[in-house]
Amino acid sequence: MNSVLTIDSAIVKAIVAHARRDHPDEACGVVTGPIGSDVPTRHIPMDNAARSMTFYEFDSMEQLRVWREMDDNDEEPVVIYHSHTATEAYPSRTDVSFAGEPGAHYLLVSTREPDVEEIRSFRIVDGVVTEEEVNIVDATVDA
């Protein structure tokens with residue numbers, strides 16, 4: 001399993017913008033990519049059905065629609081992201097317990113400081129959290 005998340009800077013900017021826009025509630029979403037590629041290509045911001053400052057939950061109908069769309073496009077969730085509004089970008093016990101995609105990168109953005117971008121990525125498999133490097137690239141140059 002890859003221990004580095006390589007992701008386009010435009011996608012990271014869109015995720016951070018989504019997190020800032022939804023603050024003080026947590027933001028959440030996925031970045032899909034071709035099955036088996038580990039390449040995040042399509043950003044899908046989702047609604048936090050919990051509307052909470054400390055918890056996120058995909059809306060079940062929206063999640064069903066997005067996962068069906070991924071199936072139709074031969075995609076899978078490469079990145080699952082959410083924000084933390086008052087704490088560091090590190091998975092909470094709840095985040096770990098709900099992590100159901102062992103092949104995905106779990107990207108966290110902290111919006112606790114308005115002028116600081118704190119972005120970290122983790123693998124969460126069977127309750128074990130492993131931090132990984134985030135390699136942000138400009139797809140127009142590096143791809």
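Visitor: How many aromatic pairs does a search of the whole structure find?
Guide: The search finds 4 aromatic pairs. Rings of Phe, Tyr and Trp (its six-membered ring) pair if their centres lie within 6.5 Å; planes under 30 degrees apart are stacked, over 60 edge-to-face, the rest tilted. This is a predicted model: local features need pLDDT of at least 70, side-chain atom pairs count only at pLDDT 80 or more, and totals for chains, interfaces and linings use all residues. Residues are numbered from 1 along each chain as its sequence is written, and side-chain values use heavy atoms, with hydrogens and water left out.
Visitor: What is the geometry of Phe55 and Phe98?
Guide: Edge-to-face, with 5.9 Å centre to centre and 70 degrees between the planes.
Visitor: Where do they sit?
Guide: Phe55 is in the loop between strand E3 (42–46) and helix H2 (60–72), and Phe98 is in helix H3 (residues 93–98), 43 residues apart. Helices (H or I, at least four residues) and strands (E, at least two) are DSSP runs, numbered from the N terminus.
Visitor: And Tyr90 with Phe122, what angle between the planes?
Guide: 80 degrees, at 5.1 Å centre to centre, which is edge-to-face. Tyr90 lies in the loop between strand E4 (75–84) and H3, and Phe122 in strand E6 (residues 118–125), so the pair ties together parts 32 residues apart in sequence.
Visitor: Is Phe122 buried or exposed?
Guide: Phe122 is buried, at 0% relative accessible area, while Tyr90 is partly exposed at 36%. Buried means under 20%, exposed over 50%, partly exposed in between (1.4 Å probe, protein chains only).
Visitor: Which residues do ring pairs link into a cluster?
Guide: Tyr56, Phe58 and Trp67.
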